[in-house]
Each structure stands twice: as C-alpha cells, then as structure tokens.
Amino acid sequence: MHSMSIQAKIRTIPDFPKPGIMFRDVTTLFKDPTGFGELIDVLAKRYAGARIDTVVGIESRGFIVGAPLAVRLGCGFVPLRKPGKLPAATWAQPYELEYGTDELHVHIDAIAEGERVLLIDDLLATGGTMLAGVALMRRAGAEIVECTFVVDLPEVGGRQRLESEGLPVHAVCVFDGH
C-alpha cells in the first residue's frame, strides 16, 4: 500500500473545466477495487490510533471516502450537504467559489459539543469548501482532529490557507499544477 500506486489510479484530464487546468479525476480510483481499498487502508492505518468520534464528509466525493473509512474506524459518519438536501433543522455556512458562492449545511443535532471529528473531502484546491466545513464543526463545538484529502494541489494554496487557520492537514496524494 503506497500513495504512488493510489496516485497512479487517478486520471488527469487536461484543460477541464477550462484551458490550463489539469483536472484530477478520482472516479477512476474509486472504480478500481484494489486502488479504492488501498486508499481506505492507508487512511484507516493513519487514524487507527486517533480518538475519532465521527468522520464528517463533504458533498459529494467526501461521502465516498468518508463512509467506508468511518465503518473501518468504528465511528459514525455525518454528511455536510449542499442547500435543500437535509430534512431536519440545519446550520448553514456560505463559502466562495470561483464564480459566486455556495453553502454547506449540517443537521444542528448531528455533532455534539466536544466531539472529535475528522473532516474529509476528495480534493484540496483553495481550501474554501473545507473552511466552510470547519466553521460548521466549530459552531457545533467539535474538536477537529484533521482535515484530510485524497488529492492536494499545493500550487493553488489551500494547504497554506488551512494551516494558517491552525488546522492540521493531510493528503494521500500531491499533484503539481492546477
């Protein structure tokens, strides 16, 4: 189990969604049962000694990695969703996109004060989505164990942005370029 074998299973699509962008497509990793299994193994091994109460996955690919990881760690899973997807009362946190804004929501009763959470998403670019998730967890009174990603694009600056907020950050794979 090695992050290079995991990284090799992530497809790169040049000039998507616009010229100059090298899109890192994790769906090819998820489709590969060996690669997907290795990813969950690597993450489960990293957090095996940590006291984690809940894995918190960010819509939507954070669900794909976060749910099986939570099962492996023997803890619960909580989704952070886009507006209008959660049926009970929620807290909302807006965040900036390249063009406009969006929001993440969490059920008000999903996270208890003092709960130790691991936040997970597929890709770290600007860090804006993860910072919205962190804001929701802080509002709930959670303790953040780490912000973890399948892919980090360090040139975009998200890791530095998260670390400047005092957040521990981990990525399984690091790609050069945008």
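**Sheet and helices**

Q: How many bridges join β8 to β9?
A: Five bridges join strand β8, residues 143-152, to β9, and the two run parallel. Strands here are DSSP runs of E with at least two residues, helices are runs of H or I with at least four, and both are numbered from the N terminus. Two strands pair if DSSP finds at least two bridges between them.

Q: Predicted or experimental?
A: This is a predicted model: local features need pLDDT of at least 70 and side-chain atom pairs pLDDT 80 or more, while totals for chains, interfaces and linings use all residues. Residues are numbered from 1 along each chain as its sequence is written, and side-chain values use heavy atoms, leaving out hydrogens and water.

Q: Back to β9. Which residue there stands opposite Val 151?
A: Cys 173 in β9.

Q: And the strand order of the sheet?
A: β4-β3-β7-β8-β9, five strands in an open sheet with parallel pairing.

Q: Which strands stand at the edges?
A: β4 (76-80) and β9 (169-174); each has a single partner strand, so one side of each lacks a neighbour in the sheet.

Q: How are neighbouring strands turned?
A: By 20° against each other on average, direction ignored. Axes are lines fitted to C-alpha atoms, for helices over the stretch in contact, and angles run from 0 to 180 degrees between N-to-C directions.

Q: Now helices. What does α3 touch?
A: Helix α3, residues 33-47, packs on the sheet and touches β7, β8 and β9; contact means heavy atoms within 4.5 Å. The direction of α3 makes about 150° with that of β9.

Q: Where does α5 lie?
A: Across β3 (54-58), β4, β7 and β8, at about 165° to β7.
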